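Subject: Structure handover

Hello,

Here is the structure I promised to pass on. Please open it next to this message.

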Amino acid sequence: LELWAVPAQGAPRSLGLLRADGQTTIMRAHLLKNTNAFAVSVEPAGGSTTGAPTGPIISVGPLQL
């Protein structure tokens with residue numbers, strides 16, 4: 001699974017892969033910058049090779065501050 005920051009306009013950006021065996025830590029500074037929502041996609045081992053989600057999006061949620 002790969003976590004994505006989704007801006008209001010433009011392409012989503014990867015925040016990295018989600019660990020299957022425990023917690024995933026992501027630096028907060030990268031989370032909120034130009035982010036309107038978060039999404040999780042199913043990707044091949046190692047993550048997307050295109051810089052964009054290639055597999056199905058299995059979760060999307062808006063960012064509310």
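Below is what was found, from the whole chain down to one residue.

Please keep in mind that this is a predicted model.

Overall fold. In sequence order they run β-β-α-β-β. The C-alpha trace spans about 30 × 25 × 15 Å along its principal axes. The radius of gyration is 11 Å, which agrees with the value near 11 Å for a compact globule of 65 residues.

Contacts and burial. Take the contacts between residues at least 6 apart in sequence: 46% of them join residues at least 24 apart. Of the 65 residues, 23% are buried.

Surface. The accessible surface of the protein chain is about 4,600 Å². Carbon and sulfur atoms account for 57% of that surface. There is also a nonpolar surface patch, formed by L1, V42 and I58. Together these residues have about 250 Å² of accessible area. I58 belongs to strand β4, which covers residues 57–62.

Is S48 buried or exposed? S48 counts as buried, because its relative accessibility is 17% and the cut-off for buried is under 20%. Its side chain reaches the backbone oxygen of A52 at 2.5 Å. Leaving aside residues up to four places away in sequence, S48 touches E2, W4, E43 and T54.

Best wishes

Methods
Residues numbered from 1 in each chain as written. Predicted model: local features only at pLDDT ≥ 70, side-chain atom pairs only at ≥ 80, totals over all residues. Heavy atoms only, no water. Helix = DSSP H or I, 4+ residues; strand = E, 2+ residues; numbered from the N terminus. Rg over C-alpha atoms; globule rule 2.2 N^0.38 Å. Buried < 20%, exposed > 50% of the residue type's maximum accessible area, 1.4 Å probe, protein only. Contact = heavy atoms within 4.5 Å. Areas by Shrake-Rupley, 256 points an atom, 1.4 Å probe, with all protein chains shown as cover. Patch = residues over 30% accessible without salt bridge, like charges linked within 9 Å, V, L, I, M, F, W, Y side chains within 5 Å. Salt bridge = Lys/Arg side-chain N within 4 Å of Asp/Glu carboxyl O. Polar contact = N/O pair within 3.5 Å; in protein donor to acceptor, adjacent residues only side chain to side chain.
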